[in-house]
Each structure stands twice: as C-alpha cells, then as structure tokens.
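Subject: Structure for your files

Hello,

Please find the structure below, followed by notes on what turned up in it.

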Amino acid sequence: MENVELFFFCNVCERKSPEEILSRACTIPHTVKSYKKGEHVAYQGDRVDFLYMLAKGKVKSEVVSDPGITLQIDEISAPHPLAAIFLFSRNNHFPVDVIALEDSEIILITKDSIEKQMAKCPYFLRGFMAFTSDRALFLSERLKIFSLKGIKTKVAFYLFRRAKGDEFELGQSITSLAKFFRVDRSSLSRAISGMVHDGIIEFKEGKGKIIDRNALKNMF
C-alpha cells in the first residue's frame, strides 16, 4: 500500500522515494479494510475514532431525514479523507451515511497516530489543517445550495463559486449534478440552456464562461 495518507496531506513526502520515507520513519501505522460496491463504510451516528482515508475506489455520502427522505451530499473518489474534520471534534460522529459506489479500500489511522505524525512533521500538520478548513468551507457552501429555491438559482450560485475568473468547469456530469440538486437531469439541462440563451453564460461539454457576471450574481 502506498503512503497515500502522507502524500495527500504532505507535499514534502510526495517528493520522497519510498525508501527515504521508510528510512526517515515517516510511515504511519494503519490498517486497511475493503468494501464491496453498495456496502456501508459508515452509518450516520457512528463514532469517528480513526482517520478514514479512501485509498481506492469511490464512495457517496448521504443523509436520511426524519420523514425518510434521502439526500445525497457528495461523491468522493480516491485518494481522499472521509470525515477528517470530525476526528478531533468533541462530537466526533459521522453526520452522514458513507456507501461504496464501487469496490473500495479504506486506510484506518488512529487519532493517536495522527497526533504523533503532526508533532513529527509540520508539513503534515499544515496540510491536515488546510484540508479540514477547506472542507468546512465546502460543506457550508453545500448547505447554502440546499437552502436556495429554484434550479436556476442553485446553478447560478454553483457556477459563481466554481468560477476562476470568468471560466468555470462543472466538476461532475450533468447527471451527478442533477442528483446533487435533487432535480431531473432534463430540468437541469433546460436551466443551463436557458442561461446560455439569455447571454449569461457560455457552456459546452462541462466547461463554460460567465458572460454577464452581474446577471448571474443577481440570480441568487
């Protein structure tokens, strides 16, 4: 197993050879668990006692509300940590169900091992802190999207936040984005086509450009 947990958080380790990582005792004790497609990696409410690092495969996170409505939060591909922002929380529980979308492998690292690596390697510490901060911002933006009414309003906010300058990429397929917005794929396609027709954006094959930034921003 490659040291994906090191490479993800520490760009210095990424430049080291496997032999150098081993000689400098940079490896982190861990165990590996395998999950079949459709199997739960974690249930909402499970304790987060380990850093869960998705090393291979793809998972989705979803929430089941009291009325029994399932809301998909995210799709995550390896390599990527799962629930890392809750590892050191006083209320360290999974807020979502995590389900394998394909056969996957998870690296499990104890909190104690993470603390020791942070004390030993400031680059790992900075990488971990940067990731958890970015992830918290990402989740807050997702909640914002859920609170918005109307497909075009959701699309406008999503594109505005993803844009780099005036250029943007969807970052996922129309089908996946429709599932995230909880709308029909055809309805989402019509909303995007309408924004193109109105001269607000240009869009083709998952990429586009903001033409009228003020009009886009006024939509949300």
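Phe-168 stands opposite Gly-208, a residue of strand 11. Please keep in mind throughout that this is a predicted model.

The sheet

That pair belongs to the antiparallel pairing of strand 9 with strand 11 (residues 207-210), which runs over three bridges. The sheet as a whole is open and has three strands, in the order 9-11-10, with antiparallel pairing. Strand 9 and strand 10 (201-204) are its edge strands, each pairing on one side only. From one strand to the next, the twist averages 20°.

Glu-205 is found in the loop between strand 10 and strand 11. Its phi is positive, at about 50°, although Glu-205 is not a glycine. Glu-205 counts as exposed because its relative accessibility is 73%, where the cut-off for exposed is over 50%.

Salt bridges

Side chains of opposite charge can pair when their charged atoms come close. The structure holds eight salt bridges, and three of them are described here, starting with Arg-213 and Asp-166.

Arg-213 forms a salt bridge with Asp-166, and their closest N and O atoms are 3.1 Å apart. Arg-213 lies in helix 9 (residues 213-218) and Asp-166 in the loop between helix 6 and strand 9 (167-169), so this pair ties together parts that are 47 residues apart in sequence. Arg-213 counts as partly exposed, at 32% relative accessibility, and Asp-166 counts as partly exposed at 33%.

Glu-75 and Lys-58 form another salt bridge, with the closest N and O atoms 3.4 Å apart. Because Glu-75 lies in strand 5 (residues 70-77) and Lys-58 in strand 4 (residues 58-64), the pair ties together parts that are 17 residues apart in sequence. Glu-75 is partly exposed, at 28% relative accessibility, and Lys-58 is partly exposed with a relative accessible area of 25%.

Arg-47 and Asp-49 also meet through their side chains in a salt bridge, at 3.3 Å from N to O. Arg-47 has 47% relative accessibility and counts as partly exposed; Asp-49, at 33%, counts as partly exposed too.

A buried lysine

What is the nearest side chain of opposite charge to Lys-154, which is buried yet has no salt bridge? That side chain is Asp-184, and it is 14 Å away. A salt bridge requires the nitrogen and the carboxyl oxygen to be within 4 Å, so Asp-184 does not qualify as a partner at that distance. Lys-154 is found in helix 6 (residues 151-162). Leaving aside residues up to four places away in sequence, Lys-154 touches Ile-145, Phe-146, Leu-148 and Phe-181.

Backbone points

Two further places may be worth a look on your screen.

The peptide bond from Ala-78 to Pro-79 is cis, with omega near -5°. Pro-79 lies in the loop between strand 5 and strand 6 (80-82).

Arg-182 has a phi near 60°, a positive value in a residue other than glycine. Arg-182 lies in the loop between helix 7 (174-181) and helix 8 (185-197). With a relative accessible area of 46%, Arg-182 is partly exposed.

Regards

Definitions and conventions
Residues numbered from 1 in each chain as written. Predicted model: local features only at pLDDT ≥ 70, side-chain atom pairs only at ≥ 80, totals over all residues. Heavy atoms only, no water. Helix = DSSP H or I, 4+ residues; strand = E, 2+ residues; numbered from the N terminus. Buried < 20%, exposed > 50% of the residue type's maximum accessible area, 1.4 Å probe, protein only. Lys, Arg positive; Asp, Glu negative; His and termini not counted. Contact = heavy atoms within 4.5 Å. Pairing = 2+ DSSP bridges. Axes fitted to C-alpha atoms, helices over the stretch in contact; angles between N-to-C directions.
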